Amino acid sequence: MTSFLKTPSLMAPFFIDKLCVVIPMKSPKRSKQRLVGCLSDAARESLSLTLFENTLAFFQRHFPMLDVLVVSESLEVLSLAQSYEANTLFDDGEKGLNGALDFACDWVKKSGYDSQLIVPSDIAVLDPKEITTLMTAIHDAQVVIAVAKDGGTNALLTSPPDAIHFEYGCDSASAHKANAANNRLVCRSLHLANLALDIDQREDLKVAVIRQPERFKAWRDTGQSLMKKTLIKERHYA
Ligand SMILES: Nc1nc2c(ncn2[C@@H]2O[C@H](COP(=O)(O)OP(=O)(O)OP(=O)(O)O)[C@@H](O)[C@H]2O)c(=O)[nH]1
Ligand SMILES: C[C@H](OP(=O)(O)O)C(=O)O
């Protein structure tokens with residue numbers, strides 16, 4: 001495991017008072033279902049855990065001033081989170097992602113935080129500048145969304161934490177924007193190159209291998225064979 005020095009490369013904007021970063025994480029065994037058939041069970045599990053650990057290490061390294069909360073049904077995940085000094089919340093997972101986030105948001109409110117940043121644990125490349133851009137955008141808004149490549153929500157910054165109702169699922173960026181409008185809140189939707197790429201489908205894994213060959217070397221073979229298949233398909237239909 002890589003250990004990082006606790007020196008912030010970028011400071012959180014001064015007006016971010018009490019912000020909690022919330023990372024939801026399924027049990028690794030239940031994770032990355034859309035990659036069944038593309039990766040073995042062991043590779044899917046290790047991919048989801050590696051992405052999760054990268055996320056914890058990223059916030060510890062670049063934003064050590066921010067508190068982190070991990071919500072999960074997996075004791076393995078919660079124990080890994082504690083090793084990165086994150087707060088942990090056990091949720092049985094029965095109410096899915098939105099239920100887990102409602103529970104986490106409750107904890108965040110009760111703990112006295114003014115705002116909350118939800119980041120899923122499967123972003124291929126986290127960029128400190130993009131996180132700072134989100135935190136700057138909340139200065140004159142109550143809701144900031146980093147839109148995913150498929151119209152999903154890849155980061156959601158809300159001030160106060162429960163400013164809107166969570167509606168993760170199909171086209172959730174539009175749903176979250178509509179919820180903000182219903183509550184008469186100012187909402188900014190941002191399209192940020194790295195934050196747009198969460199690893200859901202085999203195509204996303206291929207892009208991640210191209211962008212970060214070193215980080216994703218364990219899954220490079222899968223990525224390369226996917227690339228070859230894509231090239232053959234493209235030639236066939238040319
Ligand atoms: N605590 C918790 N986290 C969840 C739950 N469902 C999804 N997540 C997390 O929310 C983020 C986005 O989830 P998904 O893309 O739906 O799940 P995934 O495991 O990455 O991929 P798929 O299984 O293919 O949907 C990931 O960090 C997941 O681990 C849940 O029921 N409970
Ligand atoms: C976090 C993201 O949310 P959704 O696309 O379901 O809104 C995802 O599931 O990849």
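Guide: A polar contact is a pair of N or O atoms within 3.5 Å. Keep that in mind for this predicted model, where local features need pLDDT of at least 70, side-chain atom pairs count only at pLDDT 80 or more, and totals for chains, interfaces and linings use all residues. Residues are numbered from 1 along each chain as written, chains are lettered from A and ligands numbered from 1 in the order written, and side-chain values use heavy atoms, with hydrogens and water left out.

Visitor: What makes the pair between Arg-30 and ligand 1 a polar contact?

Guide: A polar side-chain atom of Arg-30 is 3.5 Å from an oxygen atom of ligand 1. The limit is within 3.5 Å, so the pair counts. With Met-25, a polar backbone atom lies 3.3 Å from a nitrogen atom of the ligand. Of the 610 Å² of accessible area that ligand 1 has on its own (Shrake-Rupley method, 1.4 Å probe), the protein covers 88%.

Visitor: Which residues come nearest to ligand 1?

Guide: Those are Lys-26, Lys-32, Gln-33, Arg-34 and Ser-121, out of 18 residues around the ligand. To be near, a residue needs a heavy atom within 4 Å. By class, that shell has six nonpolar, six polar and six charged residues; Asp, Glu, Lys and Arg count as charged, so Lys-26 goes there.

Visitor: How do you know what space ligand 1 takes?

Guide: The space is the largest pocket. To sit in a pocket, a molecule needs more than half of its atoms within 2 Å of the pocket's grid points. Strand E1 (19-25), strand E2 (67-72) and helix H3 (96-110) each give two or more residues to the shell around ligand 1, and H3 gives the most, with three. These elements are DSSP runs: helices have at least four residues, strands at least two.

Visitor: Why is this called a pocket?

Guide: A pocket is an open set of points on a 1 Å grid where a 1.4 Å probe fits, with protein on both sides within 12 Å along at least five of seven lines. The largest pocket has a volume of about 780 Å³. Its lining holds 34 residues, with Lys-26, Arg-34, Leu-97, Pro-120 and Asp-122 nearest the centre; lining residues have an atom within 4 Å of a point. In that lining, 11 are nonpolar, 12 polar and 11 charged. At least two residues come from each of E1, helix H1 (41-62), E2, H3 and strand E6 (153-158).

Visitor: Where does ligand 2 sit?

Guide: Ligand 2 sits in the largest pocket. The residues around ligand 2 are Pro-120, Gly-152, Thr-153, Tyr-168, Gly-169, Ser-172, Asp-198 and Asp-200. Its shell has two nonpolar, four polar and two charged residues.

Visitor: What kind of peptide bond joins Ser-159 and Pro-160?

Guide: A cis one, with omega about 5°. Pro-160 belongs to the loop between E6 and helix H5 (172-182).

Visitor: What is the phi of Glu-85?

Guide: Positive, about 65°, although Glu-85 is not a glycine. Glu-85 is in the loop between helix H2 (75-83) and strand E3 (87-90).

Technical notes
Polar contact = N/O pair within 3.5 Å; in protein donor to acceptor, adjacent residues only side chain to side chain. Points joined across faces, edges and corners; volume = space filled by probe spheres on them.
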